[in-house]
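Hello,

Here is the structure for your set-up work. Please have a look at it first; my notes follow below.

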Amino acid sequence: MYKRLSIVMFPFLLLALIGASVWGYLEHQEKNTILIKAENQYQRAFHDLSFHMDKLHTELGNTLAVNETSEPSYRKGLVNVWRLTSQAQSDITQLPLMLLPFNKTEDFLANMANFSYRMSVRDMTKQPLTEAEMNTLNTLYAHSADITKEIRGVQDKVIANNLRWMDVETALVSENQMHDNAIIDGFKIVDKQVGGYDELNWGTGNLSVFSKNDVKMLTGNEMTADQIKKKAIAFLGVQDSANIKVIENGGNAPEFQSFSVVVPSGDASKADTQMDFTKKGGHLIYFMKSRDVTSSKFNLRQARDVANEFLDQHEYKDLSAISYDQYQNTATILFAKKENNVTIYPEQVTVKVALDTLEVTGLQATNYIYSQKDRKIGQPKITADQARKQLSSKMKVTGESLAIIKNDLDEEVLCHEFIGTMNNNIYRIYVNADVGMEEKIETIRQDQVEAAKGKS
């Protein structure tokens, strides 16, 4: 009997063994293909970074070589500097450097991009480059040479020693990091060198990533850790507060002082709740309760209504929904301050709502908290009809209102806001209400228009 059974089962077992072997081989091949593709992408991004940094240094030199009174040449050069800096930033984001301290270099490039863009969009016939701005350009030229030299050195080692970026990724995620990795060491040297540069004069209007939160905008007294803990308990309505952790941030710099609160979920399968409060006034600027949302039982209008009620119950008043989105069964709704029928876009709050239970799972209110101030909203100097002349004659305008936005120079300006359709696209166009020039154009989706109008 066992012999017969063995004879019958043997072919099936053999087929199963062969199948498992083939499956394992194919899985191995697929894994190798993915690894090779990832490595190729990393190598391409790195060599593109080296190329763009080299071109950036050259373009800065070319810009400085022409007479500073040559407005068209300087504008062209600064646009190219902005474009190349932005490309270098994009290259960096494609490299596995998230666990590697490289923020000083990223901040430096971001400020360079913002500085060059701000210079290129202004009217140089009325506002020529100042001596301080020329000094900044000369310093950027020298610093870009240093960065280019270091990155080229890393590139030479990568090519000469056939180094792999996948080894970098493995080293960074490993608890026992490989400190002798040539690529990691090279990028650490670059970041250390950039961190040693003297603070540059980026100009008062620069959209600097180093811009500090204006604590003068905050109301209330300085808070203690215990007071913040009580505010977190009241906000969340939790009973067990023994495990709540409060961490003070910012050191002696008032503009960065805040408290971070961590509320353990008590369930290993769920993430902890994270909260951030300002030290002055104890204003909640961030809240996140991450969890899996497996279904959508409610629609976006219901989510918006819940978010509206949530904001009204707390300190975020007089806000209107201006756009919303849905991703993985979670609604993300953007609100802006509304005052005298004028939308104040700098004062924004983002709310996340789970569409399975309509639970508010996230809040980002930094822009709202730090942008509040007494604004004297004057009357527009040009009418809506006059501003409409800036639009294409083919544009079908479906809505018009007043709004305060920040322009490309980071200045608040009063605008006529138009919503219109053309070529099967929907646009939101802002025309300066004082001088009649177009300030900004955005392409928007139909559901965003409906949210702004308060429709379902």
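Does Lys337 count as buried or exposed? At 14% relative accessibility, Lys337 counts as buried. Buried means under 20% relative accessible area, exposed means over 50%, and partly exposed is in between (1.4 Å probe, protein chains only).

Before the rest, the ground rules. This is a predicted model, where local features need pLDDT of at least 70 and side-chain atom pairs count only at pLDDT 80 or more, while totals for chains, interfaces and linings use all residues. Residues are numbered from 1 along each chain as its sequence is written, and side-chain values use heavy atoms, with hydrogens and water left out.

**Salt bridges**

The whole structure holds 12 salt bridges. The criterion is a side-chain nitrogen of Lys or Arg within 4 Å of a carboxyl oxygen of Asp or Glu.

Lys337 pairs with Glu347; their closest N and O atoms are 3.7 Å apart. Glu347 sits in strand β7 (residues 342-354) and Lys337 in strand β6 (residues 330-339), so this bridge ties together parts 10 residues apart in sequence. Strands and helices are DSSP runs, numbered from the N terminus (strands: E, at least two residues; helices: H or I, at least four). Glu347 is buried too, at 1% relative accessibility.

Lys373 and Glu412 form another salt bridge, at 4.0 Å from N to O. Lys373 lies in the loop between α9 (366-371) and α10 (384-388), and Glu412 in strand β10 (residues 412-422), so the pair links parts 39 residues apart in sequence. Lys373 is partly exposed at 41%. Glu412 is partly exposed at 29%.

Glu442 is partly exposed, at 27% relative accessibility. Arg428 is buried, at 6%.

**Helix α3**

Helix α3 covers residues 103-121, 19 residues in total. From first C-alpha to last, α3 reaches 27 Å, close to the 27 Å expected at 1.5 Å a residue. The expected span is 1.5 Å times one less than the number of residues.

Which residues of α3 are buried? Among them are Thr105, Phe108, Leu109, Met112, Phe115, Arg118 and Met119.

Best wishes
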